[in-house]
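Here are my notes from a first look at this structure.

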Amino acid sequence: MRAARIVMVHGAFCGGWVFDGFRAPFVAAGLRVESPDLRGHGLADRPGDVAGLSMADYAADIAGLCRRLAAEDGSPPILLGHSMGGLVAQMAARRTPVSALVLLAPSAPWGVLGSSVEEAVTAAALPLVAPTPFSPVEPNLRLLRAFSLDRLSPAEREAAAQRARPESARAVLETLTWWLDPLMTTHVPAGRLGADALVVSGGRDRVHPPATVRQVAERLGADYREMAGMSHWLPGEPGWEAVAGVVLDWLAEPKDRRAA
């Protein structure tokens, strides 16, 4: 019998490299790990390749990958997403079966209000840096260092910041200013998405604070874990091994002990 697969989906301004270290405990546990670059986010892609891409495009790509892997293996993969990749994972799970859904500090779907001043300020400032949805947005390295990579060592923080990629303004606007999107692109219906789900937050996360992430968990009927003292970069900041352990322990639990 072939080992189960887990697909890890990165967030905005990043690539599959986010999971370079995080994947190791999953491989050691016998899982086969896939950590693809979202469309336009690979090292060989040009900055303009993300221009005009929608969250629906990302979700369709990940759903397609999950379907191909399910056809190869005879069973659907586990789907894990971080930050904006957590919202991509929710949207993909609407489109194709997955065996389990794991969301690390996920962006919230359409209709879920933020719970902090930082979230409101970020959303209000978006039109200033993304005046048109059909263009790429360069990463703001100052904000990335201060809010996402804040618990890394200076050397690790700089190395991660330098790997940041442009992001689709359209995808960012659909995610953070969903109330301006009449198409409701990031809408995910309340309730289980066909699989058990685990949602993990960082207790000190200012990008997606615990109160917001807990709303996502409650909406999905998911199990919820909060990592005390951790920030937003759950797959790579100090303590990431504990995050991986929480996920692996949850995956190993009998299904009847997970959230119904």
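I began with helix α5 (residues 141–148) and helix α6 (residues 154–162), which pack at an angle of about 135° with their axes 10 Å apart. I noted a right-handed crossing where α5 passes α6. Leu-141, Leu-144 and Arg-145 of α5 meet Arg-157, Glu-158, Ala-161 and Gln-162 of α6, with contact meaning heavy atoms within 4.5 Å. I sorted these residues into three nonpolar, one polar and three charged.

A note on my source: this is a predicted model, where local features need pLDDT of at least 70 and side-chain atom pairs count only at pLDDT 80 or more, while totals for chains, interfaces and linings use all residues. Residues are numbered from 1 along each chain as its sequence is written, and side-chain values use heavy atoms, leaving out hydrogens and water.

Next I looked up helix α2 (residues 55–73) and helix α3 (residues 84–95), whose axes come within 8 Å and cross at roughly 60°. α2, too, passes its partner α3 in a right-handed crossing. Among the residues making the contact are Tyr-58 and Ile-62 of α2 and Leu-87 and Met-91 of α3. I found 12 nonpolar, no polar and two charged residues in this contact.

Note on methods. Axes fitted to C-alpha atoms, helices over the stretch in contact; angles between N-to-C directions. Helix = DSSP H or I, 4+ residues; strand = E, 2+ residues; numbered from the N terminus. Left-handed = near helix turned anticlockwise from the far one by under 90°. Nonpolar A, V, L, I, M, F, W, Y, C, P; charged D, E, K, R; others polar.
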